[in-house]
Amino acid sequence: MATIGRRAAVAEVGHGIRLSGTPAWLAWLGLHVVTLLGSRNKASVMINWTWHYISWGKGPRVILGG
């Protein structure tokens, strides 16, 4: 799975099924929410993602290396 941008992603799931675009993006979102521990964390992330999606906000960015 890889996200490319807003509602744009690619994913290859079991048995060679390939997704692209909005279905792959939704699968990526769903997978990441499901793997979070605790319902409070899941709710917090969903509220945060929804707000940033609606308001076109920029999420936190991680820079690795130096």
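In this predicted model, Ala 2 stands opposite Val 10 in strand 2. That pair belongs to an open sheet of three strands, arranged in the order 1-2-3 with antiparallel pairing. Two helices are also described below, helix 1 covering residues 22-34 and helix 2 covering residues 39-55.

**The sheet**

- Strand 1 and strand 2 run antiparallel and are joined by three bridges.
- These two strands form a hairpin with two residues between them, and Arg 7, which lies in the turn, has a positive phi of about 55°.
- Strand 2, made of residues 8-13, also pairs with strand 3 in the antiparallel sense, this time over four bridges.
- Opposite Arg 18 in strand 3 stands Glu 12.
- The edges of the sheet are strand 1 (2-5) and strand 3 (17-20), each of which pairs on one side only.
- When direction is ignored, neighbouring strands of this sheet are turned by 10° against each other on average.
- As a general point for reading such a sheet, the side chains of a regular strand alternate between the two faces.

**Helix 1 against the sheet**

- Helix 1 packs on the sheet and touches strand 1, strand 2 and strand 3, while its direction makes about 100° with that of strand 3.

**Helix 1 against helix 2**

- The two helices pack at an angle of about 150°, and their axes are 9 Å apart.
- Because angles over 145 degrees count as roughly antiparallel, helix 1 and helix 2 are described as roughly antiparallel to each other.
- On the side of helix 1, the contact is made by Trp 25, Trp 28, Leu 29, His 32, Val 33 and Val 34, and on the side of helix 2 by Lys 42, Met 46, Trp 49 and Tyr 53.
- Sorted by class, this contact has eight nonpolar residues, one polar residue and one charged residue.
- In general, an α-helix has 3.6 residues a turn, so residues three or four places apart point the same way.

**Helix 2 and its end**

- Helix 2 has 17 residues and reaches 24 Å from its first C-alpha to its last, which is close to the 24 Å expected at 1.5 Å a residue.
- Just after helix 2 comes Trp 56, which takes a positive phi of about 60°.

**Confidence of the prediction**

- The mean pLDDT of the chain is 88, and 92% of its residues reach 70 or more.
- Within the chain, confidence is lowest in strand 1, where the mean is 86, and highest in strand 3, where it is 94.

Conventions: Residues are numbered from 1 along each chain as its sequence is written. This is a predicted model: local features need pLDDT of at least 70, side-chain atom pairs count only at pLDDT 80 or more; totals for chains, interfaces and linings use all residues. Side-chain values use heavy atoms; hydrogens and water are left out. Axes are lines fitted to C-alpha atoms, for helices over the stretch in contact, and angles run from 0 to 180 degrees between N-to-C directions. Angles under 35 degrees count as roughly parallel, over 145 as roughly antiparallel, 65 to 115 as roughly perpendicular and the rest as oblique. Contact means heavy atoms within 4.5 Å. Ala, Val, Leu, Ile, Met, Phe, Trp, Tyr, Cys and Pro count as nonpolar, Asp, Glu, Lys and Arg as charged, and the others, Gly among them, as polar. Two strands pair if DSSP finds at least two bridges between them. The expected span of a helix is 1.5 Å times one less than its number of residues. pLDDT is the predictor's confidence in each residue, from 0 to 100.
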